[in-house]
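Me: I have a structure open and want to talk it through. Can you take me through the sheet, a helix and the charged pairs?

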Amino acid sequence: MNNQSENWHGTTIIGVLKNGSVSIAGDGQVTLGQTVIKGTAKKVQRLTPGGLEIIVGFAGSTADAFSLLERLERKLETFPGNLSRSAIELAKDWRTDKYLRNLEAMLIVTDGKDLFIISGSGDVLEPEGNIAAVGSGGNYALAAAKAIYENNLSSEVICKKALKIAADICVYTNHNIVIETIKKKK
């Protein structure tokens, strides 16, 4: 069994779905062991395969995450407009492909309607409570977001506040926050 938890240092990603808007946010810290290599990495990306708006945040190995992002884009082109099917097909490949099985990354993805975690073990999870978090500070960000979710705050503000709290606690998370949002279409 691959013990990925030892390698998940260096980022926190959170996604929040609220009032028809979805935000995904991530910090910018990249570490190698106990050394900060970079503080301004952009681990939240906006994809537009076939005109569909997708936001992806990733934790884990950057090279592995970019490999998965490329494969997700291909799945989205194969199943246009269907994030759920694309995520499931990517997870199937991840679970069964000898090369992909060794990739150490996790993704949070949204199309503005659905919010999923795609895990390194090949799972596609729809989080309870409309909040998803991964990475070394994920549990801190998740707890913070749950605590303030019922307040009159947007998904973007919840993500920002939750990541700030995680960065105050987790040494592998910094305050350089990138947030992408898909707002409800009127």
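**Sheet, helix and salt bridges**

Reply: Start with strand β2 (residues 21-26), which pairs with β11 in the antiparallel sense over five bridges. Two strands pair if DSSP finds at least two bridges between them. Strands are DSSP runs (E, at least two residues) and helices are too (H or I, at least four), numbered from the N terminus. This is a predicted model: local features need pLDDT of at least 70, side-chain atom pairs count only at pLDDT 80 or more, and totals for chains, interfaces and linings use all residues. Residues are numbered from 1 along each chain as its sequence is written, and side-chain values use heavy atoms, with hydrogens and water left out.

Me: What is the bridge partner of A25 in β11?

Reply: I179.

Me: What's the strand order in the open sheet?

Reply: The order is β10-β1-β2-β11, four strands with antiparallel pairing. β10 (131-135) and β11 (178-182) are at the edges with a single partner strand each, so one side of each has no neighbour in the sheet.

Me: Switching to α2. Which of its residues are buried?

Reply: L83, S86, A87, E89, L90, A91 and W94. Buried means under 20% relative accessible area, exposed over 50%, partly exposed in between (1.4 Å probe, protein chains only).

Me: And what do the buried residues of α2 pack against?

Reply: Against β6 (54-60), α1 (62-78), β7 (105-110), β8 (115-118) and β9 (124-125). Contact here means heavy atoms within 4.5 Å.

Me: Charges next. How many salt bridges does the count come to?

Reply: Seven. The rule is a side-chain nitrogen of Lys or Arg within 4 Å of a carboxyl oxygen of Asp or Glu.

Me: Which residue forms a salt bridge with R46?

Reply: E180 does, with the closest N and O atoms 2.9 Å apart. R46 sits in strand β5 and E180 in strand β11, so the pair ties together parts 134 residues apart in sequence.

Me: Is E180 buried or exposed?

Reply: Buried, with a relative accessible area of 16%. R46 is partly exposed, at 31% relative accessibility.

Me: What about R85 and E89, how far apart are they in helix α2?

Reply: Four residues, so about one helical turn separates R85 and E89. Their side chains meet in a salt bridge (3.2 Å, N to O). R85 is partly exposed at 40%, while E89 is buried at 14%.

Me: Which residues do salt bridges with shared partners join into one network?

Reply: K42, R46, E53 and E180.
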